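The following note collects points on the sheet, the helix packing and a few individual residues. Please read it alongside the sequence and the coordinates.

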Amino acid sequence: MTVKDRVAIVSGGSRGIGQAIAELFAEKGAKVIIWDVLDAGTDVAKSITDKGQSAEFMKVSITEKEAVEQAVKNVVEKYGTIDILINNAGITRDKTLLKMSDEEWDSVINVNLSGIFYCTRAVAPIMKEKGYGRIISASSTTGLRGNYGQTNYAATKAGVIGMTKTWALELGRYGITVNAIAPGYTQTPMTDAIPDNLKEMAKHSIPVGFLAEPKDLAVGYLFLASDEARFVTGICLPIDGGATR
Ligand SMILES: NC(=O)c1ccc[n+]([C@@H]2O[C@H](COP(=O)([O-])OP(=O)(O)OC[C@H]3O[C@@H](n4cnc5c(N)ncnc54)[C@H](O)[C@@H]3O)[C@@H](O)[C@H]2O)c1
């Protein structure tokens, strides 16, 4: 799976699945740029460059469209192009419908849906001009089948699939493929807060019988981002141990 010398932006790469994507892509020779609000991205980038691979951290909130547009300019100025956009950053603010506040609704929509829109709209013209691009966004099994207490999150993760299919139609003629990944239950800081008894219950609903580690997701991103995946577009690939079979 080739991503060698490709310039790849990974949003939310300071920890969790995004960190695993950044590390795997760098190991395969990509030039990785991490966009995140958490300064831990500096350490992730340093541990990559310490191995002689290419990575840098830019503090960018994907919810701030001017900052995103400026960050795109900075990347193009430094690296000359953008080949891969991984829209991985995402948040949860879980509550049941009857208890969900406007703030909880808005904040999840802003990051998981508007943030992906801002990043993709800013990067797509660069890819169009080049005639090459790979855009992969984080959906979720929640976007496929809903989840108790996740009205806001489910709306965004289903929305990601809708945007993905639309962008695949609009951008395919420019050599740009657009896909989504629907991770199942993955052990990251996002899911750390979930009580152990619920994690045990989750395992029983997963045919392979274990929860994913971030690297289990990163391989799917690598496939869809690779040169070889040129005929794969407009899909949402579940990587969930069979949970949504
Ligand atoms: N962990 C799971 O079980 C699971 C399941 C399905 C989908 N996902 C999705 O996969 C993606 C990664 O999840 P994770 O578990 O690694 O989460 P995580 O919380 O461990 O990491 C998310 C990263 O996104 C960053 N981020 C949040 N808001 C941001 C913003 N406005 N701008 C830039 N960066 C921002 C965070 O700082 C963090 O570094 C998310 O989109 C999530 O919804 C995760």
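1. Conventions. Axes are lines fitted to C-alpha atoms, for helices over the stretch in contact, and angles run from 0 to 180 degrees between N-to-C directions. Helices (H or I, at least four residues) and strands (E, at least two) are DSSP runs, numbered from the N terminus. The model is predicted: local features need pLDDT of at least 70, side-chain atom pairs count only at pLDDT 80 or more, and totals for chains, interfaces and linings use all residues. Residues are numbered from 1 along each chain as its sequence is written.

2. Packing of α4 on α6. Helix α4 (residues 102-130) and helix α6 (residues 151-171) have axes 9 Å apart and pack at an angle of about 15°. The two helices are therefore roughly parallel to each other; angles under 35 degrees count as roughly parallel, over 145 as roughly antiparallel, 65 to 115 as roughly perpendicular and the rest as oblique.

3. Residues are in contact if their C-beta atoms, placed from the backbone, lie within 7 Å. On the α4 side the contributors include Trp105, Ile109, Leu113 and Phe117, and on the α6 side they include Tyr153, Val160, Met163 and Trp167. The contact residues of α4 and α6 divide into twelve nonpolar, five polar and two charged. Here Ala, Val, Leu, Ile, Met, Phe, Trp, Tyr, Cys and Pro count as nonpolar, Asp, Glu, Lys and Arg as charged, and the others, Gly among them, as polar.

4. Packing of α1 on α9. The axes of α1 and helix α9 (residues 214-225) cross at roughly 55° and come within 8 Å. That makes α1 oblique to α9, and the crossing of α1 and α9 is right-handed. In α1, Gly16, Ile17, Gln19, Ala20, Ile21, Leu24 and Phe25 meet Pro214, Lys215, Leu217, Ala218, Tyr221 and Leu222 of α9. The residues of this contact divide into ten nonpolar, two polar and one charged.

5. The sheet. Seven strands, in the order β3-β2-β1-β4-β5-β6-β7, form an open sheet with parallel pairing. Two strands pair if DSSP finds at least two bridges between them. β3 (54-59) and β7 (236-239) stand at the edges with a single partner strand each, so one side of each is left without a neighbour in the sheet. On average, neighbouring strands are turned by 20° against each other, direction ignored. Helix α1 (residues 16-27) packs on this sheet, touching β1, β2 (31-36), β3, β4 (84-87) and β6, and its direction makes about 165° with that of β1.

6. Strand β4. Three bridges pair β1 with β4 in the parallel sense, and Ala8 has Ile84 as its bridge partner in β4. On the other pairing, β4 and β5 are parallel over four bridges, with Arg134 of β5 as the bridge partner of Ile84. Both faces of β4 are covered: Ile84 and Ile86 on one side, and Leu85 and Asn87 on the other, are all buried. A residue is buried if 20 or more other C-beta atoms lie within 10 Å of its own, exposed if 12 or fewer, and partly exposed in between, with C-beta atoms placed from the backbone.

7. Strand β6. Six bridges join strand β5 (residues 133-138) to β6 in parallel, and Ile135 has Val178 as its bridge partner in β6. Strand β6 (residues 176-183) also pairs with β7 in the parallel sense, over four bridges; Ala182 is partnered by Pro238 in β7. Eight of the eight residues of β6 are buried, so this strand is largely enclosed by the rest of the structure. Ile176, Val178, Ala180 and Ala182 point one way, and Thr177, Asn179, Ile181 and Pro183 the other way.

8. What is the phi of Asp5? Phi of Asp5 is near 65°, a positive value in a residue other than glycine. Most residues other than glycine have a negative phi. Asp5 is found in the segment before β1 (7-11) and is exposed, with 10 other C-beta atoms within 10 Å. Lys73, in helix α3 (residues 65-79), is exposed, with 12 other C-beta atoms within 10 Å. The C-alpha atoms of Lys73 and Ile126 are separated by 9.8 Å, although the two residues are 53 residues apart along the chain.

Methods
Two residues are in contact if their C-beta atoms, placed from the backbone, lie within 7 Å. A crossing is left-handed if the near helix is turned anticlockwise from the far one by less than a right angle, and right-handed if clockwise.
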